[in-house]
Every structure is written in structure tokens, then in C-alpha cells.
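Here is a short report on one structure. Look at the model first, then read on.

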Amino acid sequence: MTGNLFYFLTFITLFAALGVVFSKNPVYSVLCLILTFFSLSGHYILLNAQFVAAVNIIVYAGAIMVLFLFVIMFLNLNQDTEQTQHKSTLMKVAGVISGGLLLVIMIAVLKDAELGTVDTANFDSQIGMVENLGQLLFTKYLLPFELVSVLFLSAMVGAVMLGKKESQQRHF
Amino acid sequence: MNEIPEVIRTIPLHYYLFFSSTLFVIGIIGVLTRRNAIIIFMCIELMLNAVNLLLTAFSAYRSDANGQVFVFFIMAVAAAEVCVGLAIIVMIYRNLRTTDINILSNLKW
């Protein structure tokens, strides 16, 4: 049962990721990316990592994707603007071939990798819960956690500075 | 309460390795073939998510919580990066009226 669920979610994720790359309309790309993030959250729940699954839905599928969709609507990108862009078939073929070669090499290398087995004696299934991760985050990783808040503040100030309209600039 | 989740017992860790490598390569193909700056940005998000999935899988299989804390930090940095990156793209669009990266060749020698 869980095995079938794993294959189903994997199929959905890869199919939606291909949809991001190959769909003509940028809005459909964003919608495919949202589907990818939701199926990845399903994977996290299967792995018993509830905290990561919840944060993935809230941060990625919620906040970041709304920002992407908003910018695409704001810039009025659609299929027509996409078709007027300069594209060469040679570049596409070269990109797909080099990506495929990288995949073949990675699989050939990782196929024989020694990954170790699950330690059944000391296994703790509760490590992905909010309680356990919060404990770790506020003790061992407290300094990086505080630094992330400084990063967010500087990113916010930077985005406002970049977005501010200068006096001689054109209006929309 | 402390039993091993079924997916960890039935699915080998290699499958997660292959799955996240495929997702990463799809992101790379997107960066190499698409010409729209926003779509390239979305493909970078795909690559970050492939790494997140692999970190979570390793952390769950090894029963070690540090990997999942790292996933949290990767997500936080990705959110800040998207915020600034989209502001830059909007600014470029204001000046050039396009997000086509073939036209954004001002830094070319």
C-alpha cells in the first residue's frame, strides 16, 4: 500500500516537474510547480517528517508561489510574449542532451553507493515531529536561527529599495 | 508509537537517491533550455527541492534530526532569495520591457 503510494507520488512529482519546464504558458508552469510542491509534501509525510511537510506547504506552496504568480500576472507574461522570445532549437537539444548525460552519470555513480542499513535497534520515529525539531532548533541551532531573521530583514529592505520608483523612471 | 514507518521498511534509500537526482536534472534542463528569467528562477526552486527531499530522506532513514533542521534553513534562505530575485526581475522589466535573458546581455564582453 505505502509502496504504491510512493510510486504514485513520485510519478506525479516528476510529471509536474516536466510540466514546469515544457509548458508554453508561464502561468501553467507556476501551477505545475505548486502540484510538485504538494506531492513533495506527501513524500515528507510518508517519511514521517511532519514539520518539514507543513513548512513546505506554508512557505513554498503558499508564500513563494503566490509571489511568483503575482509577478507573472503583474508583468502580464503569457503565451504570446513567450512566443516572441528568441529561441534556437540547437540550444534546446544541447540542453536536454547535457542534462540527460548528467542524469546517466549520476545514476551510474550512485547505483553502487554504500548507504548503510536502517538501525532497527535505536530507531526513533519521532524525530520529524515539531516538538523534537523545535527543541533542536532553539538549543543547538539557536545562532543560525537568529541569523536567519537578520537575513530576512536585509532581504526585505533590499526588495523595497529595488522596487522603489525613481523620479525620472517611466510609469507602467 | 516507536515503530519504523512502512515506507522506510519497504522502499530502499537508493530509490530516493534516483528520484531526487531526476528532479535535480529536470531543474538543470529547465535552466539550460528556457529563455524566460522567471521560469529559470522556478527551475532553481525545483533543484533546491530535490536537495531538500534527499536531506529529509537521509535524516528519516538514519533517524537523525539535524538533516531536517537543515531543510528548514534551506527553505528560509530560498524564501529570502526569491524575494530579492523577483524584485530584481521586476526592475529589469521596468527598464527593458522584457524578461528574455537573451536581451539581458549587458554583462557580456
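The side chain of Thr33(B) reaches the backbone oxygen of Ile29(B) at 2.8 Å. The model is predicted: local features need pLDDT of at least 70, side-chain atom pairs count only at pLDDT 80 or more, and totals for chains, interfaces and linings use all residues. Residues are numbered from 1 along each chain as its sequence is written, chains are lettered from A and ligands numbered from 1 in the order written, and side-chain values use heavy atoms, without hydrogens and water.

Thr33(B) belongs to helix H2 (residues 13-33) of chain B. Helices here are DSSP runs (H or I, at least four residues), numbered from the N terminus. Thr33(B) is buried, at 8% relative accessibility. Buried means under 20% relative accessible area (1.4 Å probe, protein chains only).

Thr33(B) also meets chain A. Leaving aside neighbours within four places in sequence, Thr33(B) is in contact with Val21(A), Met91(A), Lys92(A), Gly95(A) and Val96(A). Contact means heavy atoms within 4.5 Å.

Now take the whole interface.

| Item, chain B and chain A | Value |
|---|---|
| Residues in contact | 81 residues of chain B, 91 residues of chain A |
| Buried area | about 7,900 Å², 74% of it on carbon and sulfur atoms |

Buried area is the accessible area (1.4 Å probe) that two parts lose on being put together, summed over both. Met42(B), Met75(B) and Arg94(B) supply 9% of the area that chain B buries against chain A, more than any other three residues.

Methods. Helices (H or I, at least four residues) and strands (E, at least two) are DSSP runs, numbered from the N terminus. Buried means under 20% relative accessible area, exposed over 50%, partly exposed in between (1.4 Å probe, protein chains only). A polar contact is a pair of N or O atoms within 3.5 Å; within protein, one must be able to donate a hydrogen and the other to accept it, and residues adjacent in sequence count only if both atoms are side-chain atoms.
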